[in-house]
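Q: Please take a close look at the aromatic rings in this model. Then follow them into the packing and the sheet around them.

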Amino acid sequence: MQLDNLSDAQARGEGARELLVFTLGNEEYGLDILKVQEIRGYDTVTRIANAPEFIKGVINLRGSIVPIVDLRLKFGLGEPHYNEFTVVIILNIGKRTVGIVVDGVSDVIQLGEGAMRAPPEFGSTVDTAYIEGLGTVGEQMIIVVDIERLMRSEEMALTDEVAARA
């Protein structure tokens, strides 16, 4: 009986999260759709001197200067190749707008509570601090990224909270 109640709740969207699914290389990642402002094609960015390699630079988005982070470089997934499928996801993190470069956007999915698993433990060899968990939808496995934690990290310093502490 409890299982029926759980599936009814999931059918109504209770306890479910909507994720924007994007690709980096051969892997699919997801992030909270409520953080997404817009999705745009990749365009030229203005490089900032002495910025880490994964910070591609900045763009002018309707009068706002927006830092652009290449997640392929940030996650150490090899050299990025920019093509017609490469997109920039513009995010609202706290009071800051940030863009992330990904290989492509594939879908928006609903992920029920029971479909999320904790990230695996790799010890100190793999940094899983920014992985919220692993979601499964049918046979598809999605790495759910805690995008706020990633953007607030000390090395990124891309939100007001971290910038104010520096």
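A: **Aromatic rings and their surroundings**

Searching the whole structure gives 3 aromatic pairs (rings of Phe, Tyr and Trp, the last by its six-membered ring, with centres within 6.5 Å; planes under 30 degrees apart are stacked, over 60 edge-to-face, the rest tilted). Phe22 and Tyr29 make a stacked pair, at 5.7 Å centre to centre and 15 degrees between the planes. This is a predicted model, so local features need pLDDT of at least 70 and side-chain atom pairs count only at pLDDT 80 or more, while totals for chains, interfaces and linings use all residues. Residues are numbered from 1 along each chain as its sequence is written, and side-chain values use heavy atoms, leaving out hydrogens and water.

Phe22 is buried at 0% relative accessible area (buried is under 20%, exposed over 50%, partly exposed in between, with a 1.4 Å probe and protein chains only). Tyr29 is buried too, at 7%.

Now the packing. The largest nonpolar core has 25 residues (buried Ala, Val, Leu, Ile, Met, Phe, Trp, Tyr and Cys residues joined through side-chain atoms within 4.5 Å). Phe22, Leu71, Ile89, Leu91, Ile100, Val102 and Ile147 touch the most other members. Strands S1 (17-24), S2 (27-32), S6 (87-93), S7 (96-102) and S11 (140-145), with helices H2 (71-74) and H3 (147-152), each give two or more residues (helices, H or I of at least four residues, and strands, E of at least two, are DSSP runs numbered from the N terminus). S6 gives the most, 4 residues. A second, separate core has 8 residues, among them Leu61, Val66, Val88 and Ile90.

Beyond four places in sequence, Leu71 is in contact with Phe22, Leu24, Ile100, Val101, Val102 and Leu150 (contact means heavy atoms within 4.5 Å). Arg72 sits in helix H2. Arg72 is buried, at 11% relative accessible area. Not counting residues up to four places away, Arg72 touches Leu24, Gly25, Leu77, Gly78, Glu79, Pro80, Val101 and Asp103.

Next, the sheet. 5 strands form an open, mixed sheet in the order S3-S6-S7-S5-S4 (strands pair when DSSP finds at least two bridges between them). S3 (36-41) and S4 (55-61) stand at the edges with a single partner strand each, so one side of each has no neighbour in the sheet. The twist averages 30 degrees from one strand to the next (axes are lines fitted to C-alpha atoms, for helices over the stretch in contact; angles run from 0 to 180 degrees between N-to-C directions).

S6 is largely enclosed by the rest of the structure, because 6 of its 7 residues are buried. S3 runs antiparallel to S6, joined by 5 bridges. Arg40 stands opposite Val88 in S6. S6 and S7 are also antiparallel, over 7 bridges. Val88 stands opposite Val101 in S7. S6 and S7 form a hairpin with 2 residues between them. In that turn, Gly94 has a positive phi of about 65 degrees. S4 and S5 (residues 64-70) run antiparallel, with 6 bridges. Gly57 stands opposite Ile68 in S5.

Finally, the whole chain. The protein chain has 4 helices and 11 strands. Of its 166 residues, 40% count as buried.
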